[in-house]
Amino acid sequence: MAEPAPALSGGVRNPQAHDSAAKHVSGEALYVDDIPTSAGCLQLYAAMSERAHARIVALDVTAVRDAPGVALVLTAADIPGINDVSPTGTLDDPLLADGRVLFHGQPIFAVAAETVEQARAAAALAVVEYEDLTPALTAEEGWAKQDYVTPPHKLRRGEPGAALAKAAKRLQGRLAIGGQDHFYLEGQVSLALPGEDGDVTVQTSSQHPSEVQSAVAHNLGRPANAVTVEVRRMGGGFGGKETQAAQWAVLAALTAVKTGRPAKMRLDRDDDMIMTGKRHDFLADYDVGFDAEGRIEALDLSLASRCGFSADLSSSINDRALFHADNAYYLPSAELRSYPCRTNTVSNTAFRGFGGPQGMMAIERVIEAIARELGLDPLEVRKRNLYGAAGRDVTPYHMTVEDNVLPELIAALEVSADYAGRRRAVAAFNRDNPVLKRGLALTPVKFGISFTTTFLNQAGALIHIYRDGSVHLNHGGTEMGQGLFVKVAQVVAEALQVDIERIKITATNTGKVPNTSPTAASAGTDMNGMAALAAAETLKQRLTAFAAVAFGVPEAEVRFLPNRVRVGDHELNFDDLVERAYLGRVQLSATGFYRTPKVHYDRDKAAGRPFYYFAYGAAVSEVAIDCLTGESKVLRVDILHDVGRSLNPAVDYGQIEGGFIQGMGWLTSEELWFDDRGRLATHAPSTYKIPACSDRPGDFRMAIFERGENREETIHRSKAVGEPPLMLAISVFHAISDAIASLGDNRLLPALDAPATPERILMAVEDIKRRAAEGSRDAAALAAAGA
Amino acid sequence: MTGAIRFLLGDEPRKVAGLDPNLTVLRYLREQEGLCGTKEGCAEGDCGACTVVLGEEVDGRLRHRAVNACIQFLPTLQGKQLIAVEHLKAADGSLHPVQQALVESHGSQCGFCTPGFVMSLFALYRDGGARDRGVIDDALAGNLCRCTGYGPIVAAARCMGAGDDGDEAAVLAQLASFDDGEALALEGGYFAPRTADDLAARLLAYPEATILAGGTDVGLWVTKQHRRLEPIVYVGAVAELRRLEVTAERIEIGAAVTYSEAHRAIAEAYPDFGEVIRRLGSRQIRNLGTIGGNIANGSPIGDSPPPLIALDARLVLRRGDARREIALEDFFIAYGQQDLEPGEFVETVILPRQASDWRFRCYKVSKRFDQDITAVLGAFNLKLEGGRVAAARICYGGMAATPKRASACEAVLTGAPWSEATLSRARDALAQDFAPIGDMRASAAYRLQVARNLLTKVYVETSEPATATRLVGDRQVAYG
């Protein structure tokens with residue numbers, strides 16, 4: 001009788017530790033700035049515009065070139081190819097400003113010197129003369145001028161005009177939603193090494209190596225095959241290294257090619273925050289019609305965003321804002337419009353959620369407005385408006401919601417979080433406490449998974465098996481801490497039935513897997529996991545066919561068991577089979593490819609199925625606010641989140657918790673503050689406040705929705721988890737709003753914009769107290785008049 | 001006098017000569033030692049990615065302190081042990097218990113902040129470990145993580161344990177051998193006197209010298225303003241300036257005493273002042289920064305001057321052999337201008353203890369509770385007698401170009417009944433005292449509103465002690 005077979009190490013569904021965890025804690029994990037370079041590596045510094053909008057009348061860099069240690073000065077005139085780093089071919093995003101500057105902080109020229117201090121000191125010697133032009137700094141200013149970086153888009157369903165006109169109740173309002181800096185702990189950095197024939201290899205911290213490759217190539221005026229880009233890991237990305245890494249990589253590459261020396265460009269924290277794009281801030285203007293029970297009948301919504309000086313990814317980001325302006329709610333009639341406003345500020349870009357969070361914030365404010373108007377608990381209004389069965393299951397972009405689990409998920413969370421009991425407790429607390437007030441809110445998330453730009457939904461992988469049975473895994477996805485590499489390795493371990501320790505995870509490299517999509521849209525595991533699975537299945541099939549012939553059994557009798565293979569009555573180790581297959585001249589290297597099925601979107605008709613599926617979740621947050629200072633504190637959070645069938649629960653919990661806290665920061669303490677000349681004043685952690693350890697709620701409970709299973713054929717029926725949890729933090733904003741509303745007997749809508757800083761909270765507190773006092777005076781006057 | 005500094009790098013002795021006194025510990029590690037585990041996240045001591053631990057002898061024991069390598073200058077390591085993340089693994093390559101706990105708790109995602117967390121946790125491990133969530137939060141307030149949401153890191157802190165790694169005697173012996181008893185003088189213009197007399201003489205000779213204490217402000221002049229500091233006179237080795245003396249009447253704080261060192265004595269005398277210090281900067285900053293420096297740099301938003309002024313603290317200033325004692329409130333003349341002659345320095349801060357009929361309250365308001373620069377800080381010291389305000393000393397930070405007393409408000413209060421009517425008049429009077437500016441931390445309107453509301457908070461806390469008024473801090477302590 002055979003002994004029980006040892007189990008597979010590191011297959012799917014295990015809470016496998018991050019593949020680099022031991023290197024992270026020992027300091028041995030290499031980031032780009034840690035890669036040893038030969039002596040003579042040049043350091044780059046970019047000189048920034050000191051105007052928000054101006055013509056450059058004169059630029060004299062003679063003294064810069066002559067300064068100590070300077071090897072090269074790059075201006076727009078020194079770019080051999082096309083002076084552009086726009087990600088979508090809009091040609092509106094110069095590598096170096098040419099003739100005019102469009103935001104305060106825009107790079108005008110770059111200096112390469114022996115040390116970055118020398119480069120910085122030299123840059124100060126330039127003579128730049130400006131002729132000021134009038135800047136537009138806010139979305140409102142861009143909107144007023146109807147100056148857009150990309151055409152506005154519109155979703156329309158039903159007859160919103162007529163439905164609004166005949167609705168029983170109608171409310172209008174505006175919500176301002178702040179932007180957010182990514183604040184990845186590792187700033188932008190690239191290291192370029194010159195090669196033969198003017199070729200160049202770039203080590204960079206980028207979510208999109210193929211785009212970096214393309215940008216380097218066309219600025220150099222060379223074909224893509226002259227450029228190799230590699231990314232081992234990033235010290236955080238969050239969308240901020242999707243398009244924003246290219247500019248610095250190109251400057252380093254140009255320097256390396258022109259000087260024949262290695263060149264590094266690393267932005268320090270201040271320069272990084274000033275020169276790179278952020279989450280768009282939005283204005284949301286709504287006009288909603290609803291019935292006496294709070295069911296929405298029609299919504300007219302305008303979303304205006306501050307895009308900055310160029311298009312970057314603003315078109316897709318504004319689209320996604322529209323696609324999420326329904327969040328979880330059925331809108332029988334709706335017209336939703338985006339206004340991607342051009343402003344003289346840094347060009348805003350991808351950030352976890354990609355417009356979705358702002359769209360959701362808009363509709364959640366609408367829900368709260370309805371609830372306050374009707375005197376209902378906002379949760380009641382949320383539940384009444386959820387997508388439902390046929391007849392209440394079509395989105396404003398005409399996609400049918402087929403996989404909605406929210407009614408069940410919310411019901412479960414209400415019970416596990418004791419929403420009703422705590423609602424009573426909060427009310428009791430607020431009766432007894434004049435200075436501190438508590439608030440409670442449950443908000444849902446429905447987030448569409450897939451790139452809305454359909455062609456991006458493709459991925460490739462490359463797997464080698466070496467003669468000793470060790471496996472080399474490569475794919476187009478990049479690792480920014482989200483656990484993509486370990487999840488994909490788990491998929492391959494499971495497919496080949498080899499321990500994960502046998503699989504070498506390797507750096508993303510444009511020379512191995514070409515034409516990759518960015519690691520973004522939460523789709524990294526869905527796509528690269530499937531591509532790697534395809535490659536693994538190809539190899540497995542070749543090994544199976546070989547074994548069947550070698551042992552003279554049908555292929556059906558070849559079975560892969562943990563680290564060994566059973567072939568009919570024989571059993572041999574995986575490495576033995578591999579060696580035999582090699583000797584039998586079997587190709588032990590395979591590529592895999594995946595394209596997401598079913599997705600399509602017709603932008604002209606504003607209809608289609610932009611998403612393969614939806615990820616769902618909900619959170620209950622309880623906060624306390626100080627009505628004298630406006631400070632707030634999150635006391636408890638309960639999360640129930642749908643990750644389908646989890647590939648790695650440890651990684652998924654990490655994404656849920658990390659996303660939530662990041663979203664909480666966006667909506668509370670993180671404030672981008674530009675002065676009236678368009679200068680960002682919050683460009684370092686001393687002034688820009690992401691959540692600290694003590695901001696994590698003392699009572700934080702999260703659970704994966706146990707019944708979750710992707711109804712679509714995703715990788716092992718899992719669901720994407722990168723972005724959706726960020727939006728669970730909208731519950732924090734609404735809990736704060738709920739606490740403020742208690743000062744107006746829960747019948748007045750707090751005038752609270754995001755982020756809910758102490759200042760905004762205090763101003764909303766003062767405002768609601770004033771309105772409540774006026775209201776009771778009016779009521780008294782009415783009563784007196786009536787008497 | 002010697003031209004080289006000596007310290008332990010991990011357990012290896014180092015003697016470094018010919019160094020640039022403006023070189024930070026972070027750059028030294030990364031560029032000269034090739035130890036790249038320590039990261040630069042912000043170069044201003046606000047993110048903690050560069051956290052290293054310093055070992056040094058204190059009262060015969062080896063004490064470990066987490067500090068920010070990015071803003072500390074290398075010469076200040078003289079006679080200390082520098083422990084970076086690379087030094088934690090055991091000789092056999094196994095992870096330190098702190099590192100192991102982080103791996104097992106899934107405490108790293110992108111990993112860039114991780115070495116800094118490892119080092120903050122290592123300092124906590126050597127200092128008795130994590131007793132509760134508050135201790136963990138305080139130990140980690142200076143380490144930002146953008147990926148995890150902190151939960152797994154807190155979990156690691158709870159399970160990592162505590163210990164001494166068995167190296168104390170050997171390290172102490174090594175460190176003792178580095179001290180030749182002489183003042184350190186380096187060629188690039190760095191002088192570290194050992195006595196106050198030597199310091200006074202040195203500053204008379206070089207009145208233009210930059211006085212360096214913890215470097216939590218001065219360090220940024222190099223890393224953020226890209227200035228070159230020369231010469232530097234470091235006060236951290238001056239024995240007299242490192243003294244903390246607690247008597248029945250007063251607490252005397254030498255100008256080079258760090259926040260961490262002064263915290264307990266101040267918190268015992270004035271719990272709210274202790275709470276402000278707990279929230280000032282981070283553990284790393286408080287381990288380096290000094291109250292003397294917080295005063296001497298003249299910042300309008302320094303956190304310690306308002307409570308010190310409300311408590312009638314005094315300064316001993318010294319120039320050469322001449323000393324003068326002044327009230328702290330007279331020290332701040334205007335923005336960037338202090339009552340300090342060339343060559344003169346702050347020697348001692350004297351914080352009086354006061355009779356129990358005085359009520360002291362202090363509130364720091366900022367966008368984030370921990371490690372944030374204040375928008376408004378209000379310090380209120382009221383002598384209440386039979387329902388009246390017999391005397392009042394009120395000082396605000398963030399409301400004017402200097403820390404400033406609210407004299408019009410004090411005038412309304414003094415002698416008046418402690419009532420809502422008086423409160424209302426006192427609130428109004430603040431508009432006479434202050435015309436604050438608006439900036440990225442807060443608008444002018446908010447600042448004035450909060451300044452008024454903090455007065456209301458004092459009123460509520462002193463007249464309705466049962467009412468809950470605090471979101472953070474130890475309520476029991478705060479209410480005393």
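**Exercise 1. Salt bridges over all chains**

*Solution.* The model is a predicted one.

Step 1. A salt bridge requires a side-chain nitrogen of Lys or Arg within 4 Å of a carboxyl oxygen of Asp or Glu.

Step 2. Asp326(A) and Lys446(A) are both buried.

**Exercise 2. A salt bridge inside a helix**

Where do Glu31(B) and Arg27(B) lie, and what is the relative accessible area of Arg27(B)?

*Solution.* 

Step 1. The side chains of Glu31(B) and Arg27(B) meet in a salt bridge at 2.9 Å, N to O.

Step 2. Helix α1 (residues 25-32) of chain B holds both Glu31(B) and Arg27(B), which are four residues apart, about one turn of the helix.

Step 3. The relative accessible area of Arg27(B) is 28%. Buried means under 20% and exposed over 50%, with partly exposed in between, so Arg27(B) counts as partly exposed.

**Exercise 3. The interface of chain A and chain B**

*Solution.* 

Step 1. Chain A contributes 81 residues to the contact and chain B contributes 76 residues. The size of an interface is often given as the accessible area lost when the parts come together. For chain A and chain B the buried area is about 6,200 Å², with 59% of it from carbon and sulfur atoms. Within chain A, the residues that lose the most area to chain B are Val25(A), Leu185(A) and Cys693(A), which together account for 13% of what that side buries.

Step 2. Between the two chains, 36 residue pairs are in polar contact. Elements of chain A that each supply at least two residues to the side touching chain B include α1 (21-26), α8 (269-275), β27 (613-626), α17 (649-667) and α19 (758-786). The most is given by α17(A), with seven residues. Sorted by class, this side of chain A has 35 nonpolar, 24 polar and 22 charged residues.

Step 3. The rule finds 11 salt bridges across the interface. One pair is Asp270(A) with Lys224(B), whose closest N and O atoms are 2.4 Å apart.

Step 4. Lys367(B) and Glu671(A) form a salt bridge at 2.8 Å, N to O. This pair crosses between chains, from the loop between β17 (358-365) and β18 (376-385) of chain B to the loop between α17 and β29 (699-704) of chain A. Lys367(B) and Glu671(A) are both buried.

Step 5. A network of salt bridges links Asp33(A), Asp34(A), Lys264(A), Arg266(A), Arg30(B), Lys39(B) and Glu40(B).

**Exercise 4. An enclosed helix**

Why is helix α4 (residues 133-140) of chain B largely enclosed by the rest of the structure?

*Solution.* 

Step 1. Seven of the eight residues of α4(B) are buried, so the helix is largely enclosed by the rest of the structure. These are Arg133(B), Val135(B), Ile136(B), Asp137(B), Asp138(B), Ala139(B) and Leu140(B).

Step 2. The buried residues of α4(B) pack against α3 (114-126), α5 (151-159), α10 (271-279) and α11 (283-288) of chain B.

Step 3. The N-terminal end of α4(B) is capped by Asp132(B), of which a side-chain oxygen lies 2.9 Å from the backbone nitrogen of Gly134(B).

**Exercise 5. A covered strand and its partners**

How many of the nine residues of strand β13 (residues 282-290) of chain A are buried, and which strands pair with β13(A)?

*Solution.* 

Step 1. Eight of the nine residues of β13(A) are buried, and the strand is mostly covered.

Step 2. Strand β8 (residues 169-177) of chain A pairs with β13(A) in the antiparallel sense over nine bridges. In this pairing, Phe290(A) of β13(A) is the bridge partner of Lys169(A).

Step 3. Strand β14 (residues 296-308) of chain A also pairs with β13(A), antiparallel and over nine bridges. Here Gly289(A) stands opposite Ala298(A) in β14(A).

Step 4. β13(A) and β14(A) form a hairpin with five residues between them, and Gly294(A) in the turn has a positive phi of about 90°.

Definitions and conventions: Residues are numbered from 1 along each chain as its sequence is written. Chains are lettered from A and ligands numbered from 1 in the order in which they are written. This is a predicted model: local features need pLDDT of at least 70, side-chain atom pairs count only at pLDDT 80 or more; totals for chains, interfaces and linings use all residues. Side-chain values use heavy atoms; hydrogens and water are left out. Contact means heavy atoms within 4.5 Å. Buried area is the accessible area (1.4 Å probe) that two parts lose on being put together, summed over both. A polar contact is a pair of N or O atoms within 3.5 Å; within protein, one must be able to donate a hydrogen and the other to accept it, and residues adjacent in sequence count only if both atoms are side-chain atoms. Ala, Val, Leu, Ile, Met, Phe, Trp, Tyr, Cys and Pro count as nonpolar, Asp, Glu, Lys and Arg as charged, and the others, Gly among them, as polar. Buried means under 20% relative accessible area, exposed over 50%, partly exposed in between (1.4 Å probe, protein chains only). Two strands pair if DSSP finds at least two bridges between them.
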